[in-house]
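Please read it alongside the sequence and the coordinates.

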Amino acid sequence: MGFEHPVRLEPHPMDQGDAPSARPPGRRSWWGWLVVAPFFLFAILFLFLPSTSIFIRSFQGRGDVFTLDNIKAIFTTRDILNAYKLSLSISVVTAMGGALFGFLLAYAVILGGLPRVFRSFLMTFSGVASNFAGVPLAFAFVATMGNAGLVTRLLENNLGIDIHAGGFTIYSFWGLSIVYMYFQFPLMVLIMAPALDGLKREWREACENLGGSSYHYWRHVALPILSPVLLGTAILLFGNAFGAYATAYAFTGSFLNLVTIVIGAQIQGDVLYNPGLGNAMALGMIVIMSFSMVGYIWSQRRAARWLR
Amino acid sequence: MRRASVWAWFWFLLGFLYFFLPLFSTFEFSLRMLKGRYTFEAYRVAFTDPAFFRNFGYSLIWSVLTIAISLALVVPTAYWVHLRMPRLRPLVEFITLMPFVVPAVVLTFGLIRLYGSPPILLTPTPILLVAGYVVLSLPYMFRAVDTGLRSIDVRTLTEAAQSLGASGFVTLTRVIFPNLRVALLSGIFLTFAIVMGEFTFASLLYWPAFGPYMEEIGAMRAYTPQALSVVSFALTWFSIGVIQWLGRGVSGQQAQIAGAR
C-alpha cells in the first residue's frame, strides 16, 4: 500500500501547540477519550438505558413499588408460558435443522469432491440468503407453499397431492420453521465452510498412518475439533430465530403467539393489561439471549484452539 | 480429492432447490396478476402507487442517516482502539454484539418506555428509529472496519503521516480512510441492505418505510406484494453482490453474530 494520497505538509490549524513529536504513542490524555466518547454515549443512551429501564420496571408494580409479581406471573400465566414454549421450540428446531442441513451442505461442497464452481456459488448465495429475512421472505414462501403457491399447484396438478388436505397449513409451527430455515442454514454454511477448510490434511494422514478408518477419523479427530464450531453456530441460529419478529409477523400475523409477537402487541396496546408484565417478558428475552451469547463466546474460544 | 459422492450431489441439489424454489415461485407468482397469462401488470401496479415512492424514499433517507451516524461513531472508535486504547477492545466488541442480546422488538419496547413520554419525549422525532437502525448496523460496521484496520499497518501509517506534520483529522481522512475504502464500503452496503428492508423498528415506532409498506400491501392485495419482494430481493442481492465483488478473496464476511430482526 503506497501513499497515493499525499498528506498536507502545513500544520493543521487545530493542531498548533501540540507538535507531533510531543505526542508519543503511549501517552494518553483527556482528548483521547473525546474520540471514543460519542460511541459510548450512544451506547449508554440507546442500549444500556433502555435495557436497564426494562430491568427496573420488571420489578415495579403499580405505583412504582418493588415487587416480584411480574416475574412470578411469567411462570404462572398460561399464555405467556405458551409463548415462551413456542418461541423456544421453533428456535431449537430451526437451529438444529439449520445446523444439520448447513453442515451437510458445507461438507458436500468443501470435502465432498464437487466441482469448485459450486463452492463459490454456494458461498455467494449463502451470503445473500442469510441476509434475506423479514417481510419479503414471508411473501416468498406464501408464493411457494401458500394456497395458490407454485409448489402447491405443481403437486396438485401433476401428482394429485393436496398438501393442505390433511389439515396441514403453512401458517403454523412447521410452516414457519420452513421459512426460518431459509435464513438459518445459509449462516451455518458461511461459518462451517471455513472451519471444514481448516481441517488439516496432516490430521487425516496421521490417523490413517495409525491404522484409523474414515469412521475413526471423524469420530476421534474431526468431530471433536469441529464440535465447538457446530455448537457455537447452533447457538447463534437459536438466537437468530428467538429474536425474529418481522418474518413471523408478516407470515402468520398473530396466529402464532411467539414471545416477540406478544411484545410487539404489548407495544402497540397494552394487551397484557399490565405494563409491568410486558417489561418482565422483555427481560426474559434478554436473559435467554444473554445465556446464548455467553455460550457462543465460550464455544468460540474453544474452537480457536485448533482452528485458525 | 475423491470423486464426488452421490450424497454430496444430493445435499447440494436439495440446498439449490431450497434457495431457488421460493425465489422462482415469487417471481412466477408476481407475473400472474392477469388471469391465464404472464404479464408485468403487478409491477405496473406497484410502481404507479405514489405511496410506494414515498415509503421507498423514506427508507432511503433512513439508510443514509444510519450510515452517516454509524460511520461517525464506529470509525474513530475502531481506529482509536487499534492505535491508542487496545484495552477498550473487549468493551467495544461487547457493545457491538449487544443487538444480538437485545433483539429489535425488545429494544423498541425499551426505547418507547424510556423516551416515549415526558420529560424526554423523542417519539415525535425519528431519533429513536435511526438510533435503532444504528444499533442494528453496529456489528456489521464494526466488524467491517475492524477487519479493514487489521489488514493495514495502522501504527506505521499514522506515525508516517504525523512525522510529515499531519494532524489527527488529516491522518484519518487522507491516510486511513483511503486505505479502508473496501472495508468501509462493505459496512455501508450491508447497512443499506438491512435498513431498506427493515420492518420491526419502523412499524412499531410508526414511521413510514419500505418494510411496513410491503407488509401493508401484503394484507390488502395479492400479486403486488410478490412484485415488491422481488424488488427487495434485488436490493439485497445488489448490496451483497457489491460487497462480495469488493472483497474478492475475503471469505465469510457476513458470517457473524448480529441482531435478529
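In which helix of chain A is Phe242(A) found?

## Phe242(A) and the basis of the model

Phe242(A) is found in helix H9 of chain A, which covers residues 214-242; helices here are DSSP runs of H or I with at least four residues, strands are runs of E with at least two, and both are numbered from the N terminus. The model is a predicted one, in which local features need pLDDT of at least 70 and side-chain atom pairs count only at pLDDT 80 or more, while totals for chains, interfaces and linings use all residues. Residues are numbered from 1 along each chain as its sequence is written, and chains are lettered from A and ligands numbered from 1 in the order in which they are written.

Phe242(A) counts as buried because it has 24 C-beta neighbours inside 10 Å, the cut-off for a buried residue being 20 or more other C-beta atoms within 10 Å of its own, with C-beta atoms placed from the backbone. Between Phe242(A) and Val229(A), which lie 13 residues apart along the chain, the C-alpha separation is 20 Å.

## Chain B as a whole

Chain B comprises twelve helices and two strands, arranged along the sequence in the pattern α-α-α-α-α-β-β-α-α-α-α-α-α-α. Its C-alpha atoms fill a box of roughly 75 × 70 × 30 Å along the principal axes, and 54% of the 261 residues of chain B count as buried.

## Helices H6 and H9 of chain B

Helix H6 (residues 127-151) and helix H9 (residues 181-197) of chain B pack with their axes 8 Å apart, at an angle of about 160 degrees; the axes are lines fitted to C-alpha atoms over the stretch in contact, and angles run from 0 to 180 degrees between N-to-C directions. H6(B) is therefore roughly antiparallel to H9(B), a term applied to angles over 145 degrees.

The residues of this contact between H6(B) and H9(B) divide into twelve nonpolar, six polar and no charged, where Ala, Val, Leu, Ile, Met, Phe, Trp, Tyr, Cys and Pro count as nonpolar, Asp, Glu, Lys and Arg as charged, and the others, Gly among them, as polar. Among those in H6(B) are Tyr133(B), Leu136(B) and Gly148(B), and the H9(B) residues include Val182(B), Leu190(B) and Val195(B).

## The contact between chains A and B

The contact takes 82 residues from chain A and 84 residues from chain B, two residues being in contact if their C-beta atoms, placed from the backbone, lie within 7 Å. On the side of chain B that touches chain A, helix H1 (residues 6-30) of chain B gives the most, with 13 residues. The residues of that side divide into 52 nonpolar, 24 polar and eight charged.

Notes. Buried ≥ 20, exposed ≤ 12 C-beta atoms within 10 Å, placed from the backbone. Parallel < 35°, antiparallel > 145°, perpendicular 65-115°, else oblique.
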